[in-house]
Amino acid sequence: MAKHTLSILVRNHPGVLSHIAGLFARRAYNIESIAAGVTDKPDVTRITIVVKGDEYILEQVTKQLRKLIDVIKVVDLGYADSISRELALITVKSSKETRSQIIEISNVFNATIVDLTEKLITLQVVGNDRQIKGIIKLLSFFGIEEMVRTGVIALPYRSTRD
Amino acid sequence: MKKKGAEIIVETLIDKGIDTVFGYPGGANIPIYDAIYGRSEIRHILTRHEQGAIHAADGYARATGKIGVVFATSGPGATNLVTGLANAYMDSVPLVAITGQVPTHMIGNDSFQEADIYGITVPITKYNYLVKDVNKLEEVINEALYIASTGRPGPVLIDIPKDIQESTAKMKKNITVRLPSYKPNIKGNPIQINAAVKAIDNAESPLLYAGGGVVASGACKELFKLAKKASIPVALTLMSMSAFPTEDKLCLGMAGMHGTKYANLAIRDCDLLIAVGARFDDRVTGNPNNFAKNASIIHIDIDPAEIGKIKKAFIPIVGDAKSVLSELADKVKVQKRRKWINKIMNFKKEFPLSYENSGKKIKPQKVIETLSELTKGDAIYVTDVGQHQMWSAQYLKFKHTRSFISSGGLGTMGFGFPAAIGAQIGNPKKTVVNITGDGSFQMTIQELATASNYKLPIKIILLNNGFLGMVRQWQQLFFDERYSFTDLGESPDFVKIAEGYGVKGMKIEKPSEVERAIKSALKYKGLILLDFRVEREENVTPMIPPGGSIETMME
Ligand SMILES: Cc1ncc(C[n+]2csc(CCOP(=O)(O)OP(=O)(O)O)c2C)c(N)n1
């Protein structure tokens with residue numbers, strides 16, 4: 001099933017997130033990822049949600065979201081056609097022997113080493129879903145100690161549109 | 001001058017024209033109760049249970065078209081509103097519930113009588129609030145009333161901590177509600193409307209499928225005009241039973257699971273289905289793939305999310321039923337459609353609603369038929385949930401809009417009697433009849449005290465079959481007659497119960513007594529309960545089994 005990135009502008013209001021999350025829960029639509037943060041306008045929050053589903057589900061989700069009183073705007077960014085980024089912090093096990101390999105991988109993925117001990121390396125990586133999954137796959141070979149992802153945030157590409 | 005939060009609540013309600021409130025006090029809303037004490041502009045109806053209060057507010061709203069308002073305290077008071085909120089949400093009833101909450105600094109501490117009613121009611125309200133700042137209170141009440149009653153109506157809950165009710169703020173008065181994100185679409189898109197006009201003009205066998213939205217928007221006249229002008233038969237839902245006069249030849253009565261055979265045949269055979277304020281509920285459609293299989297669909301609804309939810313619409317029109325129907329009625333051609341109307345008339349002649357009348361036991365259908373003949377449609381009929389509800393929808397003949405009140409979407413047993421209280425409060429001059437079952441009535445029977453105290457002259461028609469009849473019917477038909485826990489056993493003496501509440505009661509056991517009993521009840525000036533001992537194992541027919549279609553109908 002296709003993935004969709006929904007960009008939702010809402011009134012910055014306590015309880016908005018629970019209305020939105022509740023809508024998904026109640027209708028059994030699965031959220032792949034959700035991220036929220038204020039926009040340039042302090043009274044407006046942007047929530048980015050990645051959902052999996054066919055056209056019918058997407059249409060239903062969009063209409064139900066638009067129905068919520070606090071929702072100002074819902075845009076389907078199109079999963080493939082938007083700038084989407086996610087940040088991950090990954091703490092991976094490392095020994096003297098493996099340290100250089102891990103650093104090499106982190107270079108390839110443009111990751112930054114943000115913490116280092118004798119036995120552990122913590123990396124910060126920013127990328128789209130594919131890149132994050134890629135580095136996780138490689139690092140899991142060494143043993144991932146702990147990990148956190150922010151969830152996807154996205155904006156439309158402007159340069160390729162008129 | 002500064003005012004207390006509780007006074008701001010009451011003042012704002014009065015300013016907005018709210019003159020009737022239903023409710024039940026408690027520790028967390030004493031300030032609100034203190035603020036209405038002695039205020040003659042607001043009539044407060046004290047029920048015996050918060051569920052009774054909210055169903056009464058709901059019945060009041062449905063019968064009058066005004067906003068129903070209900071007060072309850074925190075914790076158990078608030079949670080007792082949950083069923084009523086869900087009920088109003090499913091049937092799109094304009095309602096505002098104002099609950100007390102524990103003081104702000106105690107929220108989240110599992111304090112005495114604390115419940116997160118805001119969180120609990122997110123999925124069953126159109127919108128809800130937890131007010132944490134007394135300066136926002138006036139605005140919130142204004143917004144809540146506006147949201148509840150505009151667009152697709154629905155219940156709104158406002159949870160107000162006790163300290164907010166007690167602290168003070170300046171009242172602004174004349175607040176204009178500004179909700180940038182909420183703009184219900186009233187007028188239909190002109191291009192779509194013209195397309196619909198063309199489709200109607202060109203259709204050979206069009207059919208109107210009207211739902212509760214027609215009643216809610218007050219569009220019954222417009223519906224009538226369109227149907228008559230273009231000769232389009234009308235199939236109704238439980239929610240719209242009183243939207244079209246039953247005796248008109250174009251009226252097909254109720255569609256769906258327990259609908260008339262002719263309504264369902266018309267749906268099967270129509271080439272254009274004009275759905276107005278209806279949401280293709282599964283009790284109407286059965287299997288949606290087989291529903292109106294031969295028709296293209298025009299779907300008119302104020303809620304864009306309803307369009308395409310169950311059935312794809314060939315012409316979707318987002319807008320208010322009254323506005324859209326009025327435009328359609330003006331623009332369509334006058335037509336006779338002799339062939340189609342003849343076919344419909346033959347369906348009506350060939351497959352009428354019927355039941356066997358043995359004459360030994362009282363038939364529930366007969367009671368309703370007699371009630372209908374004696375009231376001639378000049379009453380507000382309020383039902384509970386079960387077989388008696390379906391028989392009411394089948395055998396009552398309606399003349400006036402908002403004269404049939406029933407829990408449709410949620411199917412809430414216990415709704416009927418308190419809703420009848422609300423309907424009678426809103427219409428003191430009209431005859432209000434509550435048709436109920438022995439199961440349903442016992443869910444909110446304590447409200448007899450309320451009705452008795454306020455001297456409401458409601459006529460209670462209890463169809464007493466000793467069973468949870470509708471469930472028993474399903475067990476009989478689909479579970480090999482294994483009547484697991486649907487036999488209510490020895491009936492209580494309803495006449496004595498009524499008398500205990502100061503209400504007149506009558507037990508009727510013989511078919512020959514039915515007419516006289518109803519006549520005398522209608523003549524009687526006060527509250528009266530008629531306990532009809534009816535045929536115990538009567539079934540509602542016809543029936544399309546769940547998920548089925550007209551081909552699988554049982555007669
Ligand atoms: C609150 C609630 N509980 C359970 C049900 C399930 N239910 C639907 S109809 C019905 C039987 C209703 O019995 P009664 O009120 O005696 O009416 P009858 O069907 O016998 O006319 C039941 C239990 C319901 N609709 N509502």
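Reader: How many salt bridges are there over all chains?

Author: A search of the whole structure finds 36 of them. A salt bridge here is a side-chain nitrogen of Lys or Arg within 4 Å of a carboxyl oxygen of Asp or Glu.

Reader: Is this an experimental or a predicted model?

Author: This is a predicted model, where local features need pLDDT of at least 70, side-chain atom pairs count only at pLDDT 80 or more, and totals for chains, interfaces and linings use all residues. Residues are numbered from 1 along each chain as its sequence is written, chains are lettered from A and ligands numbered from 1 in the order in which they are written, and side-chain values use heavy atoms, with hydrogens and water left out.

Reader: Back to salt bridges. Which residue does Asp15(B) pair with?

Author: Lys173(B). The closest N and O atoms are 3.1 Å apart.

Reader: What about Asn174(B), where is that?

Author: Asn174(B) lies in the loop between β8 and α9 of chain B. Its phi is near 45 degrees, a positive value in a residue other than glycine.

Reader: Which residues does the cis peptide bond join?

Author: Thr541(B) and Pro542(B), with omega at about -5 degrees. Pro542(B) lies in the segment after β20 (528-533) of chain B.

Reader: New topic. How many residues of each chain are in contact?

Author: 19 residues of chain B are in contact with 17 of chain A. Contact means heavy atoms within 4.5 Å.

Reader: And what area do the two chains bury?

Author: About 1,600 Å² between them, 51% of it on carbon and sulfur atoms. Buried area is the accessible area (1.4 Å probe) that two parts lose on being put together, summed over both.

Reader: How many salt bridges are there between chain B and chain A?

Author: One. Asp303(B) forms a salt bridge with Lys67(A), and the closest N and O atoms are 2.6 Å apart.

Reader: Which elements of chain B touch chain A?

Author: β6 (127-130) and α7 (137-149) each supply at least two residues of that side of chain B. By class, that side has eleven nonpolar, three polar and five charged residues. Ala, Val, Leu, Ile, Met, Phe, Trp, Tyr, Cys and Pro count as nonpolar, Asp, Glu, Lys and Arg as charged, and the others, Gly among them, as polar.

Reader: Now the ligand. What surrounds it?

Author: 17 residues do, each with a heavy atom within 4 Å. The closest are Gln387(B), Gly411(B), Gly439(B), Ser440(B) and Gly469(B).

How values were computed. Helices (H or I, at least four residues) and strands (E, at least two) are DSSP runs, numbered from the N terminus.
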